[in-house]
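Have the sequence and the 3D view ready as you read.

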Amino acid sequence: MQTLIETTNDLGRRITITIDVNKIHNAVKKELINMSKKMRINGFRKGKIPINIMYQRYENSVRKDMIIHLMEDLFIDFLKKNKIDLIGIPNYIPGEYNKDENFQYTVEFEIYPTIQLNGLDNIQIIRPLVKITEIDIDIMINNLRRQKINWIKSNESASLEDRVTIDFSGYIDNKKISNITTNNFVFILGKNKILPDLEEGIIGHYVNDDIILDITFPEDYHLDELKNQKVTFHITIKKIEKGIMPNLDENFIKQFKMQNYSINDFRSEIKKNMKQELKNNIYHNIKNQIINSLIKTNNFALPTKLIDIEINKLYNQALQNGKNIKENTSIEKKIFAKQAKHNVKIGLLLNEIIKIYKIQADQLSINNTIKKIALSYQDPQKFIYLCKQDKNMIENIKNKVLENKIIEILLTKAKITDKHTNFQDLIIHDE
């Protein structure tokens, strides 16, 4: 076997492999002999079929199969010999075949980048120090009340915090743009769910009002074709609703399935949940600081195949979460490409740290993590049972254990500065 390897791009490779003609002949002959021992042909006893009969009947199909097997086997041998970690499915490109000549083919594939980790000893962390106050509990309870708002139809003009249902169409140079056209779009004014200029143009209007607004999209808009574009919106207000917050009383507290319905007990339970939320947020805050530091200090090429896989994953997650995304590959890639590259880079960096420090998700750590998560469920034992039956859940928990161990190791190397922060700033910033 002769090989020639080329670099097609940063991580793309192309190998040309030549298979000796005698190797192909011997593989074909061996396979035909094996087949003759198992087959039955009229006029011959089992295992007594002459080899020339086997060649006459089966040589062409067997030769095709043997060439495919040899192509795959020789490429795999090449990967093992050179200790190459392949990404995705390789692309086999057979050359022209002549029975009496050596056969040449190429394989195009992508490899993982070589990562030389930098900056592990220079990570600087600002650790939030937070005390939950009575005001923080008041704000949390008001947020819960807002989640239970009763929406009532209104004939008044639209104002901040009203829930509005609209139809709208966007036009550029009198041409309707499908990406910014929809019906029955529901949002709350003041929650920054749509362009600020669009919100301002709706405030003060009534149900059935038709509005025309000229709005210029911002430079950092996620769709390139709309950046800095002047778009004319045709808007129809279909519904305006005013929100009525429930009173903080026994009926409200009962919705949270507590054993006691007193306001004091409710506040204590809220504080308990806030402490757990705070703990989680501080962990994620520190984790993000560590990851951002690693991203800034490490640059390497990213595999396109991994990026494409991550784009598809993000796209499917968005669909499952009810996002209004139309199936269009080019738009889909533009929307999710930046996040996908970010996720792939993080994954490669963390995997490299796992290899360097030989980190493992041992069974004890996995079991302890499952028990810890189970405490947040009404029936912890049922959750533990279901979790252990679900391979995907176990894999997710295993990844969580690995992540926790990575963060623990890197924290021992980091320079940590404590900073007093209030609960609201930390939660809002983390979101």
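Which side chain meets that of Glu241 in a salt bridge? The partner is Arg163, with 2.8 Å from N to O. Keep in mind that this is a predicted model.

Is Glu241 buried or exposed? Glu241 is buried, because its relative accessible area is 8%, and buried means under 20%. Arg163 has 25% relative accessibility, so this residue counts as partly exposed.

**Other salt bridges**

Why might such pairs form at all? Side chains of opposite charge can pair when their charged atoms come close. How many salt bridges does a search of the whole structure find? The search finds 16. Here are three of them, with their N to O values:

| Side chain | Partner | N to O |
|---|---|---|
| Glu241 | Arg163 | 2.8 Å |
| Arg14 | Glu6 | 3.8 Å |
| Lys413 | Asp121 | 3.8 Å |

The pair of Lys413 and Asp121 links distant parts of the chain, 292 residues apart. Lys413 belongs to helix H11 (residues 391-413), while Asp121 sits in the loop between strand E4 (103-111) and strand E5 (124-129). Asp121 is exposed because its relative accessible area is 56%, and the cut-off for exposed is over 50%. Lys413, at 32% relative accessibility, counts as partly exposed.

Now turn to Arg14 and Glu6, whose side chains also meet in a salt bridge. Arg14 has 26% relative accessibility and so counts as partly exposed. Glu6 is partly exposed too, with a relative accessible area of 33%.

**A stop at Asp265**

Finally, find Asp265 in helix H6 (residues 263-297). With 32% relative accessibility, Asp265 counts as partly exposed. Which residues does Asp265 contact, leaving aside its neighbours within four places in sequence? Those contacts are with Met258 and Asn260.

Note on methods. Residues are numbered from 1 along each chain as its sequence is written. This is a predicted model: local features need pLDDT of at least 70, side-chain atom pairs count only at pLDDT 80 or more; totals for chains, interfaces and linings use all residues. Side-chain values use heavy atoms; hydrogens and water are left out. Helices (H or I, at least four residues) and strands (E, at least two) are DSSP runs, numbered from the N terminus. Buried means under 20% relative accessible area, exposed over 50%, partly exposed in between (1.4 Å probe, protein chains only). Contact means heavy atoms within 4.5 Å. A salt bridge is a side-chain nitrogen of Lys or Arg within 4 Å of a carboxyl oxygen of Asp or Glu.
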